[in-house]
Amino acid sequence: MPSLAYILASTLILLTTAFLRLIYILPAFHRSRPPPRARGTPTHLLIVLGSGGHTAEMLSLLTSLDPARYTYRSYVVGSGDDFSAGKAQGFERGLAAKEEEEEEEEEEGEKKRRGTVGLTGAEGKEMRGILRRAYSIHTVPRARQIHQSLVTSPPSSLRCLYAGLMLLYWHPEGYPDLILTNGPATSLVLILAATILRYFSFLPLVGPARQSVRGQGSAGKMRVIYVESWARVKRPSLSGRIIVWCGLCDRVLVQWKGLQDRGWGEYKGVLVR
């Protein structure tokens, strides 16, 4: 039978190893920049939408999004949030219409320069059409309902965490390269799910994941950018404070200079329009 000293020493070694592993993967302690991507490299962007104001601000942030750069977009909404799902679909339709308009202008300009009708680049148009349609909307259980008691929040948060883990691990496009969020409770749980997957990324993958793009592992994947709401002038939201305290995000952006002065994130001006 192992002695008490042996058990204590083994426990201490395991806890120390686990803690060092956590320090290694947390962005706050390991702020290495990802290697530069060649132009045109496919990038999977995962966007977490809240409800109401959170969704409106997020879609405003995405106004200048380049679908040729972020070639696949995944939108995550809470259960019952048909408003956000509809807004995401409307945003993608607007993105497609904008691209079609720009393509028509390019073709007209090319015709004028050549002085002839010529070919219209059907293959290029087909490829751009594929890029425009490359998005999906996913529903997860809400981490916390509006006005939900804190007593009943842990079970619902655990359901959300499980759904987030399954979504990230089994996503057809593999782990997202970037997660963009602006503070709904669901986003905090999803960031935690991404942290867990990064923590255990040294383990061998099982099942279909071994044969898919997920087999590339999580190195350089699931980097998180958190944008604090424009409405937060003097103090971040609870989600923002937890994210900063725990060091879960690669970058935290605030929209008021006072928040940067208090150490809550990087001030890049007002980002919503």
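Q: Hi! I'm looking at Ile179; which residues does Ile179 touch, leaving out those up to four places away in sequence?
A: Ile179 touches Leu46, Val48, Ala194, Met222, Arg223, Val224 and Ile225, with residues up to four places away in sequence not counted. Contact here means heavy atoms within 4.5 Å. This is a predicted model, where local features need pLDDT of at least 70 and side-chain atom pairs count only at pLDDT 80 or more, while totals for chains, interfaces and linings use all residues. Residues are numbered from 1 along each chain as its sequence is written, and side-chain values use heavy atoms, with hydrogens and water left out.

Q: OK, and which residues touch the most other members of the largest nonpolar core?
A: Those are Leu46, Leu168, Ile179, Leu197, Met222, Ile243 and Cys249, out of 31 residues in that core. A nonpolar core is a set of buried Ala, Val, Leu, Ile, Met, Phe, Trp, Tyr and Cys residues joined through side-chain atoms within 4.5 Å. Buried means under 20% relative accessible area, exposed means over 50%, and partly exposed is in between (1.4 Å probe, protein chains only).

Q: Which elements give two or more residues to this core?
A: They are β1 (44-48), α5, α6 and β5 (223-227). The most comes from α6, with eight residues. Helices (H or I, at least four residues) and strands (E, at least two) are DSSP runs, numbered from the N terminus.

Q: What about a second core?
A: There is a second, separate core of 17 residues, and Leu59, Leu65, Val77 and Phe91 are among them.

Q: Back to Leu168. Where is Leu168 found, and is Leu168 buried or exposed?
A: Leu168 sits in helix α5. Leu168 counts as buried because its relative accessible area is 3D-model computed at 1%. Its contacts, not counting residues up to four places away in sequence, are Leu46, Gly174, Tyr175, Pro176, Leu190, Ala193, Ala194, Leu197 and Met222. Leu168 and Ala193 are 25 residues apart in sequence, and their C-alpha atoms are 8.0 Å apart.

Q: Met222 keeps coming up. Where is Met222 found?
A: Met222 lies in the loop between α6 and β5. Met222 is not a glycine, although its phi is positive, about 55°. With 0% relative accessibility, Met222 counts as buried.

Q: How much space lies in the second largest pocket?
A: About 840 Å³. It has 33 lining residues, and the closest to its centre are Arg144, Pro184, Ala185, Thr186 and Ser239. On a 1 Å grid over the protein atoms alone, a pocket is an open set of points where a 1.4 Å probe fits, with protein on both sides within 12 Å along at least five of seven lines, and lining residues have an atom within 4 Å of a point. Points are joined across faces, edges and corners, and the volume is the space filled by probe spheres set on them.

Q: Which element supplies the largest share of that lining?
A: That is α6, with five residues.

Q: Last one: how many helices and strands does the chain have?
A: The chain has eight helices and seven strands. Of its 273 residues, 41% count as buried.
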